[in-house]
Amino acid sequence: MSWDLQTQCEEWRERGLWRELRVLDSMQGPVIHLDGQELVNFSSNDYLGLAASAELQEAMREGIERYGAGAGASRLVCGTLRPHRDLEDALAEFKGTEAALAFSSGYATALGTIPALLGTGDTVILDKLCHASLVDAAKLSGATIRVFPHNHLGKLEKLLQCANGRVLVVTESVFSMDGDRCPLAEIVELKDRHGAWLMLDEAHAVGVIGPDGRGLAAELGLESRVDLQMGTLSKAIGLSGGYLAANRQVIGWLINRARSLVYSTAMPPSVAYAALVSVCKLVRGPAGDLRRQRLRDRLSQLCPEKSPASAIVPWIIGDELNAMEMSSRLREAGFLIPAIRYPTVARGSARLRVTMSADHTKEQIGRLLAALGDAGLPCA
Ligand SMILES: *Cc1c(COP(=O)(O)O)cnc(C)c1O
């Protein structure tokens, strides 16, 4: 038995699936420097333009001065500093739950949460387009995994009817590669009728959707009926980390049993401190409303026909190599818009994925529209 990684890599290349890391020589933002080229960046998840903002840079500096650089230990040992707890209290209030728990990433949040709550004999029911972190977490739990076609309520109901043990439905407010939303009100009705729990990943909704940017559950007034509200601090919040918001009992259990929390060093206290500032002062309130309004204006400039459901606007190409070709033509024209391919999306559904930030200018979007027109691509 030999490894033969060489053949594997070559095969991957031939199929147009090979990727490499891009190194930015500038800050994150609407304009970035990449390999000596200045590019307009339509590929980050920094929807409100906070990642490189003066406000968050200042908050990071303040956090470091007060609490130092590293947490020094895992949360349960001695790595929980005041800003971790303050952040969690703020997140619980923001999400309308009794409690919340911060993890070192959104990925770690999913991986810690699902296996702590379900095991062999239980059932996890996922939307087909759920993020890899949720799929991996479901697998790790050992529970039976069932998948329903994207946003298909009829199939979801069938799966609920024949599920065993504890039953958890998992879906997302805004789907990361399609930018569409889940039918949350209907899903909540269904899971309640069958005594199941719902885990809602609000990664792309927090900061963008709902009053004060609280997410889709808040927009629909359903916070109290979503059992597990998950999110990340790494997208609109502008930093890094993840969280789970739920009742006190769930959070207490996760503190004991979420292995990605128990066996991993706490996020740097400065990050927790800056995330607290971001949630309380930049995302919530009038400053956040202003950024959300700008984001909406930019999105309706990009898609005047129908206003997009989120800050993610995909242009479906289909063929992997075609999508790569389009992406590199746009790159020559001065835009960074990656081709999203298998295995991130299904084979044959490769796409250009445009993500908008409140900091993009009207002029940048005008130029993008012209370039997409030149490439023969219609507005979604
Ligand atoms: C980005 C993302 C995550 C992971 O969050 P990180 O903080 O980047 O680890 C989880 N779920 C969804 C839907 C995401 O888009």
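Predicted model: local features only at pLDDT ≥ 70, side-chain atom pairs only at ≥ 80, totals over all residues.
Figure 1. Along the principal axes, the C-alpha trace spans about 55 × 50 × 50 Å. Residues are numbered from 1 along each chain as its sequence is written, and side-chain values use heavy atoms, with hydrogens and water left out. Local features need pLDDT of at least 70 and side-chain atom pairs count only at pLDDT 80 or more, while totals for chains, interfaces and linings use all residues.

**Figure 2. The largest nonpolar core.** This core has 76 residues. Phe 42, Leu 184, Leu 295 and Leu 302 have the most contacts inside it. Helix H12 (residues 269–283) supplies the largest share, 10 residues. Apart from this core lies another, of 28 residues, including Ile 114 and Leu 261. A nonpolar core is a set of buried Ala, Val, Leu, Ile, Met, Phe, Trp, Tyr and Cys residues joined through side-chain atoms within 4.5 Å. Buried means under 20% relative accessible area, exposed over 50%, and partly exposed in between (1.4 Å probe, protein chains only). Of the 380 residues of the chain, 52% count as buried.

**Figure 3. Surroundings of Phe 42.** Contact means heavy atoms within 4.5 Å. Neighbours within four places in sequence are left aside. Among the contacts of Phe 42 are Phe 335, Leu 336 and Ile 337. Arg 353, Val 354, Thr 355 and Met 356 are also in contact with Phe 42.

**Figure 4. Glu 202 in its loop.** Glu 202 sits between strand E7 (197–201) and helix H9 (216–219). At 0% relative accessibility, Glu 202 counts as buried. Not counting residues up to four places away in sequence, Glu 202 touches Lys 95, Arg 214 and Gln 229, among others. Ser 173 and Met 230 are also among the residues that Glu 202 touches.

**Figure 5. Gly 373 in helix H15.** Helix H15 covers residues 362–374 and includes Gly 373. Gly 373 is partly exposed, at 44% relative accessible area. The C-alpha atoms of Gly 373 and Lys 155 are separated by 38 Å. These two residues are 218 residues apart along the chain.

Terms used: Helix = DSSP H or I, 4+ residues; strand = E, 2+ residues; numbered from the N terminus.
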